[in-house]
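Here is a short note for a colleague who is opening this model for the first time. The points cover helix packing and then pockets.

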Amino acid sequence: MTQKLSKKWTYAIGLVIVFASDFMLRDVLLPEHASDIHIAMAVLVEWTILLVLLAFWIPKIEGNKLASIGFGKFKWRYLWVGLLTYFILLIVWIGNSFALEAIGLKGLRSLQPMIREYSFLTRLILFFTGTFLEEIFYRGYAIERLTSLTGKKWLAGLISWAAFTFVHLKFFGLGPTLDVGVLSAGLVILYLRERSIWPCIVVHGINGAYGFIIGPLLML
């Protein structure tokens, strides 16, 4: 009983560290019009926390393997599952864009002029952070640990969806954040179905490649 309670406490503390640190860095400490150096400093702290989580907290404090957060062996089918999921999300985004326009809001594409102002290195850093760090934080770690604590996968998915969606609010604004909510929902469903972060990384990677790399280059 003591051992189980201890492990649950490590899960709870780990979740607080992940959620609170990301919220503080993005929504409290990061200026509204963040410069390249501001973003670089915030991302450096995020990646430091991630490395501590993977190399120390999970194996040494929790006593778990990385597979316990969906970081298992990559399978080639994850590539095709990810591509199919992204195609479905594109269809949903089309409908969502009409809904946003109907209430006077713009979606993620409206961020392209702002994103283009950042250096290519910053955009590349944001791409890798979204593709890998966010998937480990918000899908693998959050969903698995919340499931262990609550015993309910749907509740874990809902909390993960809300945390990931609204941590973007300050930097993105309301309209684009609602678009992020669509992406978040798709990634949560995908993770709960596969229990692996790899197909989620594929989806997030495709989306980030367009948003941070390809999209700004097309505007040149």
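At roughly what angle do the axes of helix H3 and helix H9 cross, and within what distance do they come?

1. Basis. This is a predicted model: local features need pLDDT of at least 70, side-chain atom pairs count only at pLDDT 80 or more, and totals for chains, interfaces and linings use all residues. Residues are numbered from 1 along each chain as its sequence is written, and side-chain values use heavy atoms, with hydrogens and water left out.

2. H3 and H9. The axes of H3 (residues 77-102) and H9 (residues 198-218) cross at roughly 50° and come within 8 Å. Helices here are DSSP runs (H or I, at least four residues), numbered from the N terminus. Axes are lines fitted to C-alpha atoms over the stretch in contact, and angles run from 0 to 180 degrees between N-to-C directions. H3 and H9 are therefore oblique to each other. Oblique is what remains once angles under 35 degrees (roughly parallel), over 145 (roughly antiparallel) and 65 to 115 (roughly perpendicular) are set aside. The crossing of H3 with H9 is right-handed, that is, the near helix is turned clockwise from the far one by less than a right angle.

3. The H3 contact with H9. Contact means heavy atoms within 4.5 Å. Among the H3 residues involved are Tyr 78, Leu 89 and Trp 93, and H9 brings residues including Trp 198, Pro 199 and Asn 207. The contact has 12 nonpolar, 3 polar and no charged residues. Nonpolar covers Ala, Val, Leu, Ile, Met, Phe, Trp, Tyr, Cys and Pro; charged covers Asp, Glu, Lys and Arg; the others, Gly among them, are polar.

4. H5 and H8. Helix H5 (residues 120-150) packs on helix H8 (residues 174-194) at about 50°, with axes 11 Å apart. H5 and H8 are therefore oblique to each other. Their crossing is right-handed. Glu 135, Arg 139, Gly 140, Ile 143 and Glu 144 of H5 meet Ser 184, Leu 187, Val 188, Tyr 191 and Leu 192 of H8. By class, that is 5 nonpolar, 2 polar and 3 charged residues.

5. H2 and H5. H2 and H5 pack at about 35°, their axes 11 Å apart. H2 passes H5 in a left-handed crossing. Trp 47, Leu 50 and Trp 57 are among the H2 residues in contact, and Phe 128, Phe 132 and Tyr 141 are among those of H5. The contact holds 17 nonpolar, 2 polar and 4 charged residues.

6. Largest pocket. Its volume is about 940 Å³. A pocket is an open set of points on a 1 Å grid where a 1.4 Å probe fits, with protein on both sides within 12 Å along at least five of seven lines; lining residues have an atom within 4 Å of a point. Of the 43 lining residues, Leu 108, Arg 109, Leu 111, Phe 172 and Asn 207 are closest to the centre. H3 gives the largest share of the lining, 7 residues. The lining divides into 24 nonpolar, 12 polar and 7 charged residues.

7. Second largest pocket. This one holds about 230 Å³ of space. Its lining includes Val 81, Thr 85, Gly 186, Arg 193 and Glu 194. H3 and H8 each supply at least two residues, and the largest share, 7 residues, comes from H8. The lining has 8 nonpolar, 2 polar and 2 charged residues.

Note on methods. Grid points are joined across faces, edges and corners, and a volume is the space filled by probe spheres set on the points.
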